[in-house]
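Thanks for coming. I will go through one structure today, from the overall fold down to single residues. Please have the sequence and the model on your screens.

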Amino acid sequence: MEGKYVILKKNGDYKCKTELTENDYKKLLNAAKILEEFNYLFFLGCNYIKAKDDFLNYNFSQFNVLETDMFSVMHNALNAIATNINMWETYLKRKYKDDKEIFPFQDDKNLGKSYFGLKDSEYYDNNVEYVVAKALRNMSTHTEKPFSEIWYDDNYNRHFAIHTEHLLANGNLNKSGKDIVLKSKKDYFDVIEVIKQAYEIVDKINNDMVNLLLKKDWMNFYSSRITIRDYIGFDWDGAYLVSENPKYSKEHMMFLNITNISKNAMDNILSIAAKSL
């Protein structure tokens, strides 16, 4: 006995099913996977936002707060930047390793830097604050506070300084980073401002990367969206593609190959893509 293929829609306690042929199910499933890929692309481009917002909205001048709490907010902000970079590189190597536009300097032995990596290096070479932010992340990862001292201005605003000599010690920077920091001729850096400027750069790199990939695969996204719409209509919320397993009774039914089709998420991506074209 073959399983049934259905579109399952649920609103509150109300469920409705639309049965599909196996061919239609496979067609829809392929389209849904493409939309999921774009949904993941959208996630990659903003997976650091919560840590960024937590950092920007945190009042570092408040009293009655533990130093470890402030350190935690800084650590999360710095770590989110590094995680964003690592996730992009993993994704690009998995999906675009043969794409010369994404890996323009690849040869038979290695891929070379990705488009994302090249952008990251470009900002690193031209922005000392970005260099310092990456060094601070290395420090906080190895349980070292990402600042040398705390001081207060005349309005009792709290500031965090990282001394240049502190940055240059303990392998926090590679040779290129050291040269950039020394060239700045600064004795110290304001940690809060450094992280803020680093996030401005991260926003730019992520926007560039998302826009490039949306343009490359726009037709796949657009045609898949139309395929889903033709079968489900415009109300996608709560809609799933389901392969029902006949080995289980209705009371213990297992839903396999579940693919969530979120219209709101897709509309967000559509809006971003339209602006980038």
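First, a term I need throughout: helices (H or I, at least four residues) and strands (E, at least two) are DSSP runs, numbered from the N terminus. With that in hand, K185 lies in the loop between α7 (175-184) and β5 (188-190). I will come back to K185 at the end.

Now the ground rules. This is a predicted model, in which local features need pLDDT of at least 70 and side-chain atom pairs count only at pLDDT 80 or more, while totals for chains, interfaces and linings use all residues. Residues are numbered from 1 along each chain as its sequence is written, and side-chain values use heavy atoms, with hydrogens and water left out.

The overall picture. The protein chain has 10 helices and 7 strands. Of its 277 residues, 41% are buried; buried means under 20% relative accessible area, exposed means over 50%, and partly exposed is in between (1.4 Å probe, protein chains only). The chain exposes about 15,800 Å², and carbon and sulfur atoms supply 49% of that area. Accessible areas come from the Shrake-Rupley method with a 1.4 Å probe, and for residues only the protein chains shown count as cover. Among contacts between residues at least 6 apart in sequence, 68% join residues at least 24 apart, where contact means heavy atoms within 4.5 Å.

Next, the interior. A nonpolar core here is a set of buried Ala, Val, Leu, Ile, Met, Phe, Trp, Tyr and Cys residues joined through side-chain atoms within 4.5 Å. The largest one has 70 residues, and W88, L92 and L167 touch the most other members. Helix α8 (residues 191-216) gives the largest share of this core, 14 residues. Leaving aside residues up to four places away in sequence, W88 touches L41, L44, G45, F116, N206, M209, V210 and L213. Also in helix α8 is L214, which is buried at 2% relative accessibility. The C-alpha atoms of L214 and L41 are 8.6 Å apart, although 173 residues separate the two along the chain.

Helix α9 (residues 218-232) has 15 residues and reaches 21 Å from its first C-alpha to its last, close to the 21 Å expected at 1.5 Å a residue. The expected span is 1.5 Å times one less than the number of residues. Which residues of α9 are buried? They are W218, F221, S224, R225, T227, I228 and I232. As background, an α-helix has 3.6 residues a turn, so residues three or four places apart point the same way. Just after α9, G233 takes a positive phi of about 90°.

On to charges. A salt bridge is a side-chain nitrogen of Lys or Arg within 4 Å of a carboxyl oxygen of Asp or Glu, and the structure holds 13 of them. In one of them, K145 pairs with E67, with the closest N and O atoms 2.4 Å apart. That pair links distant parts of the chain: K145 is in the loop between α5 (128-141) and β3, E67 is in helix α3 (residues 67-95), and they are 78 residues apart. K145 is partly exposed at 44% relative accessible area, and E67 is partly exposed at 31%.

D208 and K119 form another salt bridge, at 3.8 Å from N to O. Here D208 is in helix α8 and K119 in helix α4 (residues 115-126), 89 residues apart.

D120 bridges to K134, with the closest N and O atoms 2.5 Å apart. D120 lies in helix α4 and K134 in helix α5, so the pair ties together parts that are 14 residues apart in sequence. D120 counts as buried at 9% relative accessibility, whereas K134 is partly exposed at 23%. Finally, E37, K95 and D217 are linked in a network of salt bridges.

Last, backbone angles. Most residues other than glycine have a negative phi, and most peptide bonds are trans. Y156 is not a glycine, yet has a positive phi of about 65°. Y156 sits in the loop between β3 and β4 (158-163) and counts as exposed at 59% relative accessibility. As promised, K185 again: its phi is positive, about 60°, and it is not a glycine either. K185 counts as exposed at 75% relative accessibility.
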